[in-house]
Amino acid sequence: MKDYLPYLAGALLGVLAALLISGLLTLQGTAQLMLFALLPAFGGAIIERAFPRRSGKS
């Protein structure tokens, strides 16, 4: 489960960014839907790549 923490943190940041952008630009409809679909996925992927996973090898 610990391997998913960086992705989950990035996804949470993506959702927060989507909420902020959507509120500031008052987006509605398809634009808002795409924002909430893409930003959490991109945020999770970026944060996951930034923090390398530990291998189980000692």
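In which helix is P40 found? Hello everyone, let's start there: P40 is found in helix α2.

What we have here is a predicted model, where local features need pLDDT of at least 70, side-chain atom pairs count only at pLDDT 80 or more, and totals for chains, interfaces and linings use all residues. Residues are numbered from 1 along each chain as its sequence is written, and side-chain values use heavy atoms, with hydrogens and water left out.

Now the overall picture. The secondary structure of the protein chain is two helices and zero strands. Helices here are DSSP runs of H or I with at least four residues, strands are runs of E with at least two, and both are numbered from the N terminus. Of the 58 residues in the protein chain, 16% are buried. Buried means under 20% relative accessible area, exposed means over 50%, and partly exposed is in between, using a 1.4 Å probe and protein chains only. The accessible surface of the chain comes to about 4,800 Å², and carbon and sulfur atoms hold 69% of that. Those areas come from the Shrake-Rupley method with a 1.4 Å probe, and for residues only the protein chains shown count as cover.

Let's walk along α1. This helix has 21 residues and reaches 30 Å from its first C-alpha to its last, close to the 30 Å expected at 1.5 Å a residue. The expected span, by the way, is 1.5 Å times one less than the number of residues in the helix.

Which residues of α1 are buried? They are G10, A11, G14, A18 and S22. They cover an arc of only 105° around the axis, so they sit on the same side of α1. That arc is taken from the directions running from the helix axis to the C-beta atoms. If you turn to the other side of α1, you find L12, L13, L20, G23 and L24 exposed. And what covers the buried residues of α1? The cover includes α2.

Over to α2, then. Its 21 residues should span 30 Å at 1.5 Å a residue, and its end C-alpha atoms are 30 Å apart, so the two agree. The buried residues of α2 are L35, P40, G43 and G44, and they pack against α1.

Now back to P40, as promised. P40 counts as buried because its relative accessible area is 12%. Setting aside neighbours within four places in sequence, P40 is in contact with G10, A11, G14, V15 and L35. Contact here means heavy atoms within 4.5 Å. The C-alpha atoms of P40 and A11 are separated by 4.2 Å, though the two residues are 29 apart along the chain.

That brings us to A11, in helix α1. With a relative accessible area of 15%, A11 is therefore buried. Beyond four places in sequence, A11 is in contact with P40, G43 and G44.

Is Y7 buried or partly exposed? Y7 is partly exposed, because its relative accessible area is 32%.

Last stop, the end of α1. S22 is found in this helix and is buried, because its relative accessible area is 8%. Not counting residues up to four places away in sequence, S22 touches L27, Q32, L35 and F36. Then comes T26, in the loop between α1 (5-25) and α2 (30-50). T26 has a positive phi, near 45°, and is a residue other than glycine. Its relative accessibility is 61%, so T26 counts as exposed.
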